[in-house]
Amino acid sequence: MIDPKINIRSKSALSAQVNNNAGIALADSAVQTRAYELYEIGGKIDGRAEQDWYQAETEMRGCQQA
């Protein structure tokens with residue numbers, strides 16, 4: 001049931017938030033995939049998860065700006 005007290009602005013704001021959250025989840029998934037690739041390329045050495053994740057995020061940001 002739709003709450004009649006919700007105005008159009010709040011509905012579109014909610015829609016924008018949902019779309020933003022979906023984009024974040026998709027971006028996290030891409031970063032996770034790339035971080036794992038870096039882990040494999042690096043010889044599957046434990047203890048580098050944060051470095052691999054940071055590098056993957058940095059690469060993704062570079063792709064978004066292009």
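Me: What counts as a helix or a strand here?
Reply: Helices are DSSP runs of H or I with at least four residues, and strands are runs of E with at least two. In this predicted model, the protein chain has two helices and zero strands.

Me: What makes Y36 and Y39 an aromatic pair?
Reply: Their ring centres sit 5.5 Å apart, and the rule asks for centres within 6.5 Å, so they pair. By that rule the count comes to one aromatic pair.

Me: Why is the Y36 and Y39 pair called tilted?
Reply: The angle between the planes is 45°. Stacked needs under 30 degrees and edge-to-face over 60, so this one lands in the rest, tilted. Both tyrosines belong to helix α1 (residues 8–41), three residues apart, or about one turn of the helix.

Me: Why is D52 called buried?
Reply: Its relative accessible area is 4%, and the cut-off is under 20%, so D52 counts as buried. Across the protein chain, buried residues make up 8% of the 66.

Me: Where does D52 lie, and which residues does D52 touch?
Reply: D52 is in helix α2 (residues 49–65). Leaving out residues up to four places away in sequence, D52 touches A35, L38 and Y39. That last one is the Y39 of the tilted pair.

Note on methods:
Residues numbered from 1 in each chain as written. Predicted model: local features only at pLDDT ≥ 70, side-chain atom pairs only at ≥ 80, totals over all residues. Heavy atoms only, no water. Buried < 20%, exposed > 50% of the residue type's maximum accessible area, 1.4 Å probe, protein only. Phe/Tyr/Trp six-rings, centres within 6.5 Å; stacked < 30°, edge-to-face > 60°. Contact = heavy atoms within 4.5 Å.
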